[in-house]
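Dear colleague,

Please find the structure below, handed over for your records. My findings follow directly after it.

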Amino acid sequence: MHTPKPDIELITAASILGLKPSGVEHLAGRLLSTGLEAKLQLQHPVLHMPTMNAQYSGQRDTDTHCLNTDAIINFSQQLADIIASTVQLQRFALVLGGDCSILLGVMSGLKTLGSYGLVFLDAHADFYEPERSVSGEVADMDLAIVTGRGPEKLTNMNGLRPYVRDEHVIQVGQRDAAETAQYGSRDIRNTAIRVFDMATIEKNGMERVTADVTAEIRQWDTSGCWLHFDTDVLSDDINPAVDYRLPGGLHFEQVEHFIRQLLQTGKMAGMSVTIFNPLLDTDSTIAKKISATLVSAFS
């Protein structure tokens, strides 16, 4: 069955409050510089969210043990309003980050409209809680927080906890399990979250995993679904332009196939792209490939 091309609203959310000001704040600008706007044939002007990056502090809050808690809450609530209004207009929200903490704004915004699922395409589980996080960066806790685990201030903005239920989350591409065990993170596999880690993908193939994921989200009794694409899920050989590198990962063709098949379910409300660091991609080779992957998946 042919699914009509989504009416894309492209939103930049270049926040680094959940990570550090090391370069991911330039993700949106660099991808747009590849001609992404024209190639996607957007019908609406790009919506640029003001950042609060000037408020960045490397000091952990005493109450939450996270970095920049209050600024992240403020930014998230502004992003939540934009996501909710975009989805209500029946537009596909394509959000260019920034770091993964933007997911708090995305999922809390969707929760105001109903129950939404989440497909989390990421090399990391992002399932730390502040006490177990070496850095205090919310970008390594975002999946824990949106499923209701962590400090009340972050997990329960506007009384909406959890922003997404475990049984409506699928994690794809994890390859940091050994590292998370070493640091004492909760194991994502001991929850109702469905996990297709890198070992599973290598064993069964990306096409089979993609078919399993799309079959599952078609069965969900939700208002829709969100795709979070952290570019570090790509193989370290082809995308070393990330702050926390891990060996292995997916190829561009696999990610393109995965995104395209998700779009064809007709269930996707939007998608976030995070963690690509253009300062580590001086000639824009990787940026052009990420951009081409997105364009091809949407075409």
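Ser291 is located in helix 11; helices (H or I, at least four residues) and strands (E, at least two) are DSSP runs, numbered from the N terminus. The model is a predicted one, in which local features need pLDDT of at least 70 and side-chain atom pairs count only at pLDDT 80 or more, while totals for chains, interfaces and linings use all residues. Residues are numbered from 1 along each chain as its sequence is written, and side-chain values use heavy atoms, with hydrogens and water left out.

Ser291 counts as buried because its relative accessibility is 2%, where buried means under 20% relative accessible area, exposed over 50%, and partly exposed in between (1.4 Å probe, protein chains only). Leaving aside neighbours within four places in sequence, Ser291 is in contact (heavy atoms within 4.5 Å) with Leu31, Thr34 and Leu36. Other buried residues of helix 11 include Ile286, Ile290, Leu294 and Phe298. Helix 11 has 14 residues and spans 20 Å from its first C-alpha to its last, close to the 20 Å expected at 1.5 Å a residue; the expected span is 1.5 Å times one less than the number of residues.

Turning to the sheet, it is open, has 8 strands in the order 2-1-3-8-7-4-5-6, and pairs in the parallel sense. Two strands are taken to pair if DSSP finds at least two bridges between them. Strand 2 (47–48) and strand 6 (194–196) are the edge strands, each pairing on one side only. Helix 11 packs on this sheet, touching strand 1, strand 3, strand 7 and strand 8, and its direction makes about 170 degrees with that of strand 8. Such axes are lines fitted to C-alpha atoms, for helices over the stretch in contact, and angles run from 0 to 180 degrees between N-to-C directions.

Strand 8 (residues 268–274) is largely enclosed by the rest of the structure, because 7 of its 7 residues are buried. Strand 3 (residues 92–96) pairs with strand 8 in parallel over 4 bridges; Leu94 has Met271 as its bridge partner, and Leu96 stands opposite Val273. Strand 7 (residues 224–230) runs parallel to strand 8 and is joined to it by 6 bridges, with Gly270 as the bridge partner of Trp226. From strand 7 the chain crosses through helix 10 (residues 252–263) to strand 8 in a right-handed β-α-β crossover. Right-handed here means that, with the strands pointing away from the viewer, the path from the first strand over the helix to the second runs clockwise.

The largest nonpolar core has 48 residues, and Val172, Phe229 and Met271 have the most contacts inside it. A nonpolar core is a set of buried Ala, Val, Leu, Ile, Met, Phe, Trp, Tyr and Cys residues joined through side-chain atoms within 4.5 Å. Helix 11 (residues 285–298) gives the most to this core, with 7 residues. Apart from this core lies another, of 45 residues, among them Cys66, Val87, Leu143 and Val164.

Finally, Pro21 lies in the loop between strand 1 (8–12) and helix 1 (27–33). Beyond its neighbours within four places in sequence, Pro21 is in contact with Ile16 and Tyr56.

Yours sincerely
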